Each structure stands twice: as structure tokens, then as C-alpha cells.
Amino acid sequence: MEATSQLLGKTFVDYNNVMEIPGQPTATPITYVSDAAHCKRDCFTEASCHCAVFSLSAKSCEFRVGCRQHTVRYGVAGGPFTVFVKLPDSFPKYKEYPSRNTYTTMGSTNMASDMHEMVISHDICVARCTVNEECDCVVYKTQSDASYSDGGCWLRKDCHPTQFGHDDGFSVFVKQRGTSVPTPEKLQEELERWKAKAREAEKEASAATAAKSAAEADAQTALKAAEDFKNKASEQSSAADEAKNLLLAKEAA
């Protein structure tokens, strides 16, 4: 069984009962932790960790790289490991071919690493393909029938849509290599970044508005002071004219 889970804004794809460990170990020594969640959290905080391998029996947690180039056998009964694979910061786009199926001899090649898994949505099925660079497409069971329940997921490679067979109850999602769509987490980070910029711009605008209001008030004060000075100067000029006229009148007498 496989599921995606959120941890501190990062998405992982979880695989249980894994028989073969993917990738190569990092320089970080194996640690011993209380549970799988602790192992996943430690992997999240370590940038070099592409996936974490947790052993329930040993309570060990190992960081690994190169996890997307693997042929790990997922879902093998009795496998001793749980693997948490980090999704990349951006996904390739996928194109859906509804009511189509594909497998070896019908438009694709079954992958050696593939085991039929039950998942809760086609997004999780697609995520399995995203974290496996060998994978070119997935087959997702959209409707239950006598053979399979809905939610079945199979990985395929060498996918050729024109050779897919018609099969109601299935959809094929083909990886569009060379395309990129940011993950919801990355989009949220970008949104928060732009929100922060908007808040900063709003603060700057408010400060500019306050500065403008202060400048306008200062200008009004200066205009009033100038007007007062003008009036006082006019009064003094009138008084001087009056004193001059009085002096002239005395001289004339």
C-alpha cells in the first residue's frame, strides 16, 4: 500500500514492505529513531536526502540519493523496509488517455519494479511515476470490475499512446517529459513570497502616504507663516507710510 503524506510543506511518496532499497547511501550515518515519522522528518530537514529508508525491526533510518533511478520491488509481502521518497520541487505534466489500457505487447513495457498497488487517487498513482525516472506512464483503474477494484495502479515504460488498447474502467496517464509544473507546496511558497512583497509594498505606500500628508501639513504651515509674514510686513509698511506723511505735514507747517 502506498500513500502521499504532507510534512512541513513537503510531499513524500511512501512505500511499505519494500524488499530492495533504492539509490545509494549519503555521507550521513544511519541513525536510530523512535518511529517512521521521525525518520521522515529528519529526511525533510536534510537537503541531500532524496529518500529515507526506515527499518521497523531495527528502528534505523538511512538517508539515500538517486532514489528516482531505481528498480526497487515495492509491495513485496514481508519486505522489511518502508521507503519515503521526496517528490521533486516540480512535476512533469501528464496527459490522460481515458478508457485506455497499456502493457507489454499493447503500447508499453511492464516495468520490472512495478507491483500492482491500490492507491486512493490517480494523483498518487502519477506520483509513483514521478519519483521513478524509468517510468513513462501509469495505468489507473477508474472503475471496479470482476478482476480489479478501482484504485489499481501500474507503472509502465516505453509508452506509445497510438498503440494503447480501448478498455473502459481504466485511464492511462503519460508523462510529458521536458515539461514542468510546480508542486502545490512550491506554488504556496511562491504565493507567500508575493504576499510578503505585497505587504512590504503596502507598508511603503502607507509610509509614502504618511510622508505626503506630513509634507502637505508642513506646506500648509509654511504658507500660513508666509501669509502672516506678508500681512505683518504690509502692516509695518502702512505704519511707515503714515509716519512719513506725518513728518512731511510737520515740515510743511
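The model is predicted: local features need pLDDT of at least 70, side-chain atom pairs count only at pLDDT 80 or more, and totals for chains, interfaces and linings use all residues. Residues are numbered from 1 along each chain as its sequence is written, and side-chain values use heavy atoms, with hydrogens and water left out.

**Confidence and overall make-up**

- The mean pLDDT of the protein chain is 81, with 83% of its residues at 70 or more; pLDDT is the predictor's confidence in each residue, from 0 to 100.
- Residues 1-9 have pLDDT below 50, yet this stretch has 34 contacts in the model beyond near neighbours in sequence (a contact means heavy atoms within 4.5 Å).
- Where pLDDT is low, the predicted coordinates should not be read in detail.
- The chain comes to three helices and 14 strands; these are DSSP runs numbered from the N terminus, with helices being H or I of at least four residues and strands being E of at least two.
- Of the 253 residues in the protein chain, 35% are buried (buried means under 20% relative accessible area, exposed over 50%, and partly exposed in between, with a 1.4 Å probe and protein chains only).
- Take the contacts with a separation of 6 or more: 74% of them are between residues 24 or more positions apart.

**Strand pairing around β10**

- Strand β9 (residues 103-104) runs parallel to strand β10 (residues 107-110), and two bridges join them; strands pair if DSSP finds at least two bridges between them.
- In that pairing, Thr-104 stands opposite Ser-108 in β10.
- β10 also has two bridges to strand β13 (residues 152-157), this time antiparallel.
- Here Thr-109 stands opposite Lys-157 in β13.

- Val-138 touches Cys-125, Val-126, Cys-129, Trp-154, Leu-155, Ser-171, Val-172 and Phe-173, leaving aside residues up to four places away in sequence.
- α2 itself is mostly covered, with seven of its nine residues buried.
- Those buried in α2 are Ile-124, Cys-125, Val-126, Ala-127, Arg-128, Cys-129 and Thr-130.

**Aromatic rings**

- There are two aromatic pairs by the rule used here: rings of Phe, Tyr and Trp (its six-membered ring) pair if their centres lie within 6.5 Å, and planes under 30 degrees apart count as stacked, over 60 as edge-to-face and the rest as tilted.
- Tyr-97 and Phe-164 make an edge-to-face pair, because their ring centres are 5.7 Å apart and their planes stand at 90°.
- Tyr-97 sits in strand β8 (residues 90-101) and Phe-164 in the loop between β13 and β14 (165-182), so this pair ties together parts 67 residues apart in sequence.
- Tyr-97 is partly exposed at 21% relative accessibility, whereas Phe-164 is buried at 8%.
- The pair of Trp-154 and Phe-170 is tilted, at 6.0 Å centre to centre with 50° between the planes.
- Trp-154 in strand β13 and Phe-170 in strand β14 are 16 residues apart, and the pair links distant parts of the chain.
- Trp-154 and Phe-170 are both buried.
- Phe-170 also has a charge over its face: Lys-141, at 4.5 Å from the ring centre (the rule asks for NZ of Lys or CZ of Arg within 6 Å of the ring centre and within 35 degrees of the ring normal).

**Loop residues to look at**

- Lys-59 is a residue other than glycine with a positive phi, near 55°.
- You'll find Lys-59 in the loop between β5 (51-55) and β6 (60-65), partly exposed at 34% relative accessibility.
- Ser-57 is also in the loop between β5 and β6, and counts as exposed at 70% relative accessibility.
- Asp-158, another residue other than glycine, has a positive phi near 55°.
- Asp-158 is in the loop between β13 and β14 and is partly exposed at 41% relative accessibility.
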